[in-house]
Amino acid sequence: MAESKSLRKPVFTKVDQLRPGTSGHTLTVKVVSTKMVLQKGRADGPQVRQMRIAECLVGDETGMIIFTARNEQDFVVDLMKEGATVTLRNAKIDMFKGSMRLAVDKWGRVEVDEPASFNVKEDNNLSLIEYELVNVVEE
């Protein structure tokens with residue numbers, strides 16, 4: 001007899017709680033700005049695929065971070081409009097040139113949400129903090 005598993009409720013994370021190398025985050029954020037970084041056509045066999053990457057500054061009442069919207073979920077680039085409120089599910093932190101970037105891969109989701117009532121804290125941009133990888137040798 002199959003046992004029915006109930007879905008567990010997501011634990012929402014605030015932007016200021018994000019750390020390098022972590023994943024599985026669920027956040028509700030507002031899009032502050034969007035910038036198209038790369039847009040080009042690529043021939044993949046008989047059809048031409050559009051490759052699009054956008055960097056979006058997103059945040060909540062605790063801080064801001066750059067979210068990278070990639071081509072794997074092409075519609076995500078279109079959803080990330082300035083002022084929109086979105087919920088990012090199963091988001092992860094990627095490191096780019098020593099700073100944190102928020103991303104959603106094929107295992108995550110981006111959903112447009114009702115407009116949020118919070119104001120984005122614009123003086124705490126986590127993507128401006130530079131991290132350095134340090135190898136610890138235990139003796």
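**Exercise 1. Which residue forms a salt bridge with Glu55, and how far apart are the closest N and O atoms?**

The model is predicted: local features need pLDDT of at least 70 and side-chain atom pairs pLDDT 80 or more, whereas totals for chains, interfaces and linings use all residues. Residues are numbered from 1 along each chain as its sequence is written, and side-chain values use heavy atoms, without hydrogens and water.

*Solution.*
1. A salt bridge requires a side-chain nitrogen of Lys or Arg within 4 Å of a carboxyl oxygen of Asp or Glu.
2. Arg101 meets this rule with Glu55, the closest N and O atoms being 3.7 Å apart.
3. Arg101 belongs to strand E5 (residues 99-103) and Glu55 to strand E2, so the pair ties together parts 46 residues apart in sequence. Strands are DSSP runs of E with at least two residues, helices are runs of H or I with at least four, and both are numbered from the N terminus.
4. Arg101 is buried, at 11% relative accessible area. Buried means under 20%, exposed over 50%, and partly exposed in between (1.4 Å probe, protein chains only).

**Exercise 2. Determine where the salt bridge between Arg89 and Glu111 lies and which network includes the two residues.**

*Solution.*
1. The N to O distance between the side chains of Arg89 and Glu111 is 3.0 Å.
2. Arg89 is in strand E4 (residues 85-96) and Glu111 in strand E6, so the bridge ties together parts 22 residues apart in sequence.
3. Arg89 is partly exposed, with a relative accessible area of 26%.
4. Salt bridges link Arg89, Arg109 and Glu111 in a network.

**Exercise 3. Locate the partners of the salt bridge between Lys14 and Glu61.**

*Solution.*
1. The side chains of Lys14 and Glu61 meet at 2.6 Å, N to O.
2. Lys14 lies in the segment before strand E1 (23-44), and Glu61 in the loop between strand E2 (47-60) and strand E3 (63-69); the two are 47 residues apart.
3. Lys14 is partly exposed at 34% relative accessible area, and Glu61 is partly exposed at 35%.
4. The count of salt bridges comes to six.

**Exercise 4. Describe the order of the elements and the share of buried residues.**

*Solution.*
1. The chain has one helix and six strands.
2. From the N terminus on, these elements run β-β-β-α-β-β-β.
3. Of the 139 residues in the chain, 37% are buried.
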